[in-house]
2 protein chains.
Amino acid sequence: MAERVAVLGLGLIGGSLAGALRRAGSHVTGFDASAQAVRVAAARQLVDDCVDNLTQLLAGAQLVVLSVPVLTILDLLPGVDALTPPDAPILDTGSVKRQVVGVMDRLVNPGRAIGGHPLAGSDRSGPEAADPELFCDRPFVLTPCRQTQPAMLERAKDLVLRLGARPVIMEPEEHDRVLARTSHLPQLVSSALASRLGAGDLAAAGPGLKDMTRLAGSDPRMWKDILVLNRENVVGEARAFMAELAALVEAVNRGEMEQVESVMRRGGAASAGLREQVAV
Amino acid sequence: MAERVAVLGLGLIGGSLAGALRRAGSHVTGFDASAQAVRVAAARQLVDDCVDNLTQLLAGAQLVVLSVPVLTILDLLPGVDALTPPDAPILDTGSVKRQVVGVMDRLVNPGRAIGGHPLAGSDRSGPEAADPELFCDRPFVLTPCRQTQPAMLERAKDLVLRLGARPVIMEPEEHDRVLARTSHLPQLVSSALASRLGAGDLAAAGPGLKDMTRLAGSDPRMWKDILVLNRENVVGEARAFMAELAALVEAVNRGEMEQVESVMRRGGAASAGLREQVAV
């Protein structure tokens, strides 16, 4: 019989994950606090069925995925643990991992819980934008808690592979430090750049500006939680970046073009490395 | 008989422009100081023929396009004017316009000169990356000099339309101010962001980081000229941006999430406006 998967939260990530698991043969039941999200997920056949309360969602679940904003994940985890059969793995997909894994370690059944973060996304949000192919060839970080049982880690890895993604095991603290640099700071930079554009600037915009402001289209509600929970790492990274940018701008101002070229060449090398790593 | 176009510089922009005009029925002769660029442009049939000196390139030209780094445009303009039949328009494609148009105004035949800047590009460079479709549906800014004759402006507009692009007439000073915000600052930001990435960061990189560091792959030699010539506007824009970002980061640090959300919503609106304006 098909594995029964419960997906809590049918936004871009939860909806995509539901659709991908359904294609891979699981029976997927979905839940979302938004009736509109439920309607869209059902209409797009991302789920087999939907329920309107957590008790129903979790009662017979063999695998549970939490894809809601990360502060909500922290709130819901104890209740989800209590309502889910004790041998069913519980995985989340939040963008910050230290506090999630901290809560997982204190659950009644901590051995079946594991942190997760798919490094995939879009500037669009909601089940309208969900795509079962979203995770293909993308890294999917897994951060076991201290108590996660090896068998549960194996089941989580297997889930990641069924999504077409690549499992990457990380410590939660390391995840949060690295993501501050590779994701959370770039989000703030994109928002700040875009927030300064006037209507008249758009006519003179090229493809580079579009790249640099695409992230600014992300959902602020999701980002508020991430920035609250990873505040220290984000602020530290942002200050280091602003020092780097200020030095570069002063080199431009003083006409020290060898210094400018050296930073640009270093950035160019990293950019080239990234293009090799990240499929379009 | 086909119009004879001379293209000076067969990089990404010059090569793309040559290829597009050739497709549109012009006879395109190319010149580049790099023998390798000439070979690639010829092999890719971006040009009808190539010559190895400016005298030969310009002698019978009916339209001249300068697509070299912008400091080189300033150096070459008087000589190009002297070698080109006086009724042939001379257009450049440099990313800074004030000084270019200043030199154009002091030519022996200033009435046939006009500044240009196609708002198209790629993180790749050279004739290897040239694409005759590069300008399709893109803005192509024209900045007449004080002396540009109306008939020459019309011929330049006609050229832009033949490339599939949209002519946008601007004052050179306005162009340089706007481009500092929409292109030159984003380039510095992208380079600074990318320059801070370590090898270990790449494994945890998502599509957002790739967007934010794509510009960092641009050619530093071309950018040095742009930053030297538009220094004041770029430094002014960069300082205003850094103040905006610093305020946003301090709001994150103090947990003032309403302030953070307000900046993100403003950025999101600009990002949405841009997506409507700029075709992928």
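Q: What makes up the secondary structure of chain A, counted in helices and strands?
A: Chain A holds 12 helices and 8 strands, where a helix is a DSSP run of H or I with at least four residues and a strand is a DSSP run of E with at least two, both numbered from the N terminus. This is a predicted model, in which local features need pLDDT of at least 70 and side-chain atom pairs count only at pLDDT 80 or more, whereas totals for chains, interfaces and linings use all residues. Residues are numbered from 1 along each chain as its sequence is written, chains are lettered from A and ligands numbered from 1 in the order in which they are written, and side-chain values use heavy atoms, with hydrogens and water left out.

Q: How much of chain A counts as buried?
A: Of its 280 residues, 59% count as buried, a term for a relative accessible area under 20%, with exposed meaning over 50% and partly exposed lying in between (1.4 Å probe, protein chains only). Chain A exposes about 10,900 Å², of which carbon and sulfur atoms supply 50%; the area comes from the Shrake-Rupley method with a 1.4 Å probe.

Q: Which residues have the most contacts inside the largest nonpolar core?
A: They are Phe241(A), Leu245(A), Phe241(B) and Leu245(B), in a core of 100 residues. A nonpolar core is a set of buried Ala, Val, Leu, Ile, Met, Phe, Trp, Tyr and Cys residues joined through side-chain atoms within 4.5 Å. Leaving aside neighbours within four places in sequence, Leu245(B) is in contact (heavy atoms within 4.5 Å) with Leu188(A), Val189(A), Ala192(A), Phe241(A) and Met242(A). In soluble globular proteins, nonpolar side chains tend to be buried together.

Q: What makes Leu74(A) buried or exposed?
A: Its relative accessible area is 17%, so Leu74(A) is buried. Leu74(A) is found in helix α4 (residues 70–83) of chain A, and its contacts beyond four places in sequence are Gln99(A), Val100(A), Val103(A) and Leu229(A).

Q: How do you know whether Gly19(B) counts as buried or exposed?
A: With 5% relative accessibility, Gly19(B) counts as buried. The residue belongs to helix α1 (residues 12–23) of chain B, and, with neighbours within four places in sequence set aside, Gly19(B) is in contact with Leu46(B) and Pro132(B).

Q: Why is Pro78(B) called neither buried nor fully exposed?
A: The relative accessible area of Pro78(B) is 43%, so the residue is partly exposed. Pro78(B) lies in helix α4 (residues 70–83) of chain B, in contact with Val103(B) and Leu107(B) once neighbours within four places in sequence are left aside.

Q: What is the phi of Asp137(A), a residue that is not a glycine?
A: Asp137(A) has a positive phi of about 65 degrees. Its place is in the loop between β6 (113–118) and β7 (139–144) of chain A, and, at 54% relative accessibility, Asp137(A) counts as exposed. Cys136(A) is in the loop between β6 and β7 as well, but, at 33%, counts as partly exposed; residues up to four places away aside, Cys136(A) touches Leu163(A) and Gly164(A).

Q: Where does Gln45(B) lie in chain B?
A: Gln45(B) lies in the loop between α2 (35–43) and β3 (49–50). Its phi is near 55 degrees, a positive value in a residue other than glycine, and, with a relative accessible area of 57%, Gln45(B) is exposed.
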